[in-house]
Amino acid sequence: MMSELKINLSDNRKDKPASDKLGFGKYFTDHMFIMDYTDENGWHDARIVPYGPIALDPSAMVLHYGQEVFEGMKAYRTPQEEIVMFRPDMNLQRLNNSCERMSMPQVDTQFVLEAIAKLVEIDQEWIPDGEENALYIRPFMIATEPALGVRASKEYKFMVILSPVGAYYPEGIHPVSIYVEQQFVRAVRGGTGEVKTSGNYASGIKAQEVAKTKGFSQVLWLDGKEHKYIEEVGSMNVFFKVNGEIITPALTGSILPGVTRDSVITLLQDWGYPVIERVISVEELFEASAQGLLEEAFGTGTAAVISPIGSLSLGDLNIEISGGKTGELSQRLYDTITALQRGQLEDSHNWAFKVK
Ligand SMILES: *Cc1c(COP(=O)(O)O)cnc(C)c1O
């Protein structure tokens, strides 16, 4: 395969945004990584080039049938001025799983990890200062063959772009209000819910908009068949603390296997909590709440890390969780994971990957 990475540095460096005004995914760094694929030649022409628009044929297959996959991870600067990423091997393995499901070519994860590390190193001045800030890394792959037949493309582009991002919650971690979505569904078993592909998100925007207009910040997704069992919250995995036990929906095929989810399960087990992965109905959850047994609820994902849930609304029913405040366990998980990500705690699980 391609063992060679060509580098063409930009001679037109952009101004960097103020580190307290970053938001999420609004700014992009000076460089990007690209490589091309054809059925005949495999992956080739791996290169780091100045960030900018790409040319795409209007008939490029991704624009019509949505053969696309992506990933999301972050790079951080440690107190020792090292640059680290958090469990990138899991993201790249998931990328290949997504490719497999979407009939797209897999990548050499070792080569891609080295290319990402090189890109981050080149644009390291873009890693923002500030305790809560990070450099978000967005790898993605698109079908580029110019053709309108419904079949797998024979040509692809794989790219990586970088974006300095601020704290997900500028005012600090705080609980959100969630709307239990009973009409629209995100994914069904046998569909593509367990891989990171654009169509899952395109079809979820409607429900998100409806929830927003009703005054909620996100939706709780139920299963696509019976509309009874809890799947995810927004684009996050979800956890509940019920009577001292931690319950999270089992990975049944329509749920995205989050890296943060896996890290949370591992930490909770380290701390001696019983963690149970199983199906859980929204009815059971409201029942637990009525009995005073629902102690905490939170979402997990790379962007927000831990997002406490302060209330859940199902039709006319509304329940408050943890008194509408951030639960003790949610806070502890947030503090621990963010400290691990920034190299401020001993890395006993070998989760840090050193860029430099
Ligand atoms: C990315 C994503 C998650 C969280 O995954 P992480 O690896 O923890 O960032 C959860 N659910 C959905 C639908 C996602 O797209």
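A polar contact is a pair of N or O atoms within 3.5 Å; inside the protein, one of them must be able to donate a hydrogen and the other to accept it, and residues adjacent in sequence count only if both atoms are side-chain atoms. Keep in mind that this is a predicted model, where local features need pLDDT of at least 70, side-chain atom pairs count only at pLDDT 80 or more, and totals for chains, interfaces and linings use all residues. Residues are numbered from 1 along each chain as its sequence is written, and side-chain values use heavy atoms, with hydrogens and water left out.

View 1. Val259 brings a backbone N or O atom to 2.8 Å from an oxygen atom of the ligand. On its own the ligand would expose 380 Å², and the protein buries 95% of that (areas by the Shrake-Rupley method with a 1.4 Å probe; for residues, only the protein chains shown count as cover). Glu232 has a polar side-chain atom 2.5 Å from a ligand nitrogen atom. Ser235 uses a backbone N or O atom, 3.3 Å from a nitrogen atom of the ligand.

**View 2. The shell around the ligand.** Look for 14 residues surrounding the ligand, the closest being Lys196, Tyr201, Glu232, Thr260 and Thr302 (near means a heavy atom within 4 Å). Sorted by type, the shell has four nonpolar, six polar and four charged residues. Here Ala, Val, Leu, Ile, Met, Phe, Trp, Tyr, Cys and Pro count as nonpolar, Asp, Glu, Lys and Arg as charged, and the others, Gly among them, as polar.

**View 3. Gln341 in helix H8.** Gln341 belongs to helix H8, which covers residues 328-341 (helices, H or I, are DSSP runs of at least four residues and strands, E, of at least two, numbered from the N terminus). With a relative accessible area of 7%, Gln341 is buried (buried is under 20%, exposed over 50%, partly exposed in between, with a 1.4 Å probe and protein chains only). Its side chain makes a 3.3 Å polar contact with the side chain of Tyr76.

**View 4. Glu81 in a loop.** Glu81 sits in the loop between strand E5 (73-77) and strand E6 (83-86). It's exposed, at 52% relative accessible area. Thr29 is 52 residues away along the chain, and the C-alpha atoms of Glu81 and Thr29 are 20 Å apart.

**View 5. Gly190 in another loop.** Find Gly190 in the loop between strand E9 (176-180) and helix H4 (198-202). Gly190 counts as exposed because its relative accessibility is 65%.
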